[in-house]
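Q: Could you take me through a protein chain feature by feature, giving the general idea before the case at hand?

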Amino acid sequence: MTPAEAARTAESATPSPVAPAPGATPPRTPLVARAAAELIGTALLVAVVVGSGIQATELTKDVGLQLLANSTATVFGLGILILLLGPVSGAHFNPVVTLAEWWTAHRGGAGVTPREVAVYLPAQIVGAIAGAILADAMFGEPLVRWSTHDRSAGHLLLGEVVATAGLILLIFGLARADRLQYAPVAVASYIGAAYWFTSSTSFANPAVTVGRAFTDTFAGIAPGSVLGFIGMQLVGGVVGLALVALIFMPGRSAE
């Protein structure tokens, strides 16, 4: 055997890292990394929402243009955050999404554990508050000033049910249809559309709702309106899961 052949034989006998087979479940990221991804992702999402709202009101007095600027920035920002952090934590950034995933796991599907829920939810809420404070700081606003933007009207609460139900239907419908690779574009596009077709401008997220109470700017919500919004978001989450179960009902094999 020549030296070259011997080297090739030794190389072939040496174990080397093997990539997971297509479709295999990848190794789970450490929980601390996933919590950090949820905290930072939710903070950046709220910073985008609040910051673009402040910028819009400084550039124009036209409310329609303000909403257009706010929604456009949110679409791009959310899509990028999901693309970047989705492989780490799933890019929930939303307690309703996390709870819906826990429920699917509880029912025997894939999803987060109770321990992960207990870590994700506080991370999302703290991140949302930090994101609102960061946005205010960047634009020279008071770091914490409770919003005076009342959003307690009944039609706005209905808007939150619709917005959240549609979001859950989209995310878990994509999962049932094995199309989650399209989530960054699909979820961002849905939120951008829901800014305009729902009366509430689609908060659809309890953590973001809490964070937006800390800023008295374009994107803010009065503290007195927060519980109503969160309650309707939870209702919307239940409606969304029910729609997923109805529309994506498993087929029965022919006898």
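This is a predicted model: local features need pLDDT of at least 70, side-chain atom pairs count only at pLDDT 80 or more; totals for chains, interfaces and linings use all residues.

Q: Which residues does Phe248 touch, not counting residues up to four places away in sequence?

A: Contact means heavy atoms within 4.5 Å. By that criterion Phe248 touches Leu169, Gly173, Arg176, Ala177 and Leu243. The C-alpha atoms of Phe248 and Gly173 are separated by 7.0 Å, although the two residues are 75 residues apart along the chain.

Q: How should I read the burial of Phe248: is the residue buried, partly exposed or exposed?

A: Buried means under 20% relative accessible area, exposed over 50%, and partly exposed in between (1.4 Å probe, protein chains only). Phe248 counts as partly exposed because its relative accessibility is 29%. Over the chain of 255 residues, 44% count as buried.

Q: What elements make up the chain?

A: The chain has nine helices and zero strands, and from the N terminus on the elements run α-α-α-α-α-α-α-α-α. Among contacts between residues at least 6 apart in sequence, 76% join residues at least 24 apart.

Q: How does the length of helix H7 agree with what its residue count should span?

A: The expected span of a helix is 1.5 Å times one less than its number of residues. The 15 residues of H7 (residues 183–197) should therefore span 21 Å, and the end C-alpha atoms are 20 Å apart, which agrees. For H5 (residues 114–138), the 25 residues should span 36 Å, and the end C-alpha atoms are 36 Å apart, again in agreement.

Q: Which residues of H7 are buried, and what covers them?

A: An α-helix has 3.6 residues a turn, so residues three or four places apart point the same way. In H7 the buried residues include Ala183, Val187, Tyr190, Ile191 and Ala194, and their cover includes H2, helix H3 (63–89) and helix H6 (154–176). Phe197, also in H7, is partly exposed, with a relative accessible area of 48%; leaving aside neighbours within four places in sequence, Phe197 is in contact with Val162 and Tyr190.

Q: What do the buried residues of H5 pack against?

A: They pack against H2, H3, helix H4 (95–106) and helix H8 (206–212). Among the buried residues of H5 are Glu116, Tyr120, Ala123 and Gln124. Just after H5, Gly140 takes a positive phi of about 70°.

Q: How many salt bridges are there?

A: A salt bridge is a side-chain nitrogen of Lys or Arg within 4 Å of a carboxyl oxygen of Asp or Glu, and by this rule the count comes to two. In one of them Arg34 pairs with Glu116, the closest N and O atoms being 2.3 Å apart. Because Arg34 lies in helix H2 and Glu116 in helix H5, the pair ties together parts that are 82 residues apart in sequence. Both Arg34 and Glu116 are buried. Arg145 also forms a salt bridge, with Glu141, at 3.6 Å between the closest N and O atoms; Arg145 is partly exposed at 37% relative accessible area, and Glu141 is partly exposed at 23%.

Q: Where is Glu38, and what lies by its side chain?

A: Lys and Arg count as positive and Asp and Glu as negative, while His and the chain ends are not counted. Glu38, placed in helix H2 (residues 31–59), is buried yet has no salt bridge, the nearest side chain of opposite charge being Arg34, 9.1 Å away. A polar atom of the Glu38 side chain lies 2.8 Å from the backbone nitrogen of Phe93. Leaving aside neighbours within four places in sequence, the contacts of Glu38 include Ser89, His92, Phe93, Tyr120 and Gln124.

Methods: Residues are numbered from 1 along each chain as its sequence is written. Side-chain values use heavy atoms; hydrogens and water are left out. Helices (H or I, at least four residues) and strands (E, at least two) are DSSP runs, numbered from the N terminus. A polar contact is a pair of N or O atoms within 3.5 Å; within protein, one must be able to donate a hydrogen and the other to accept it, and residues adjacent in sequence count only if both atoms are side-chain atoms.
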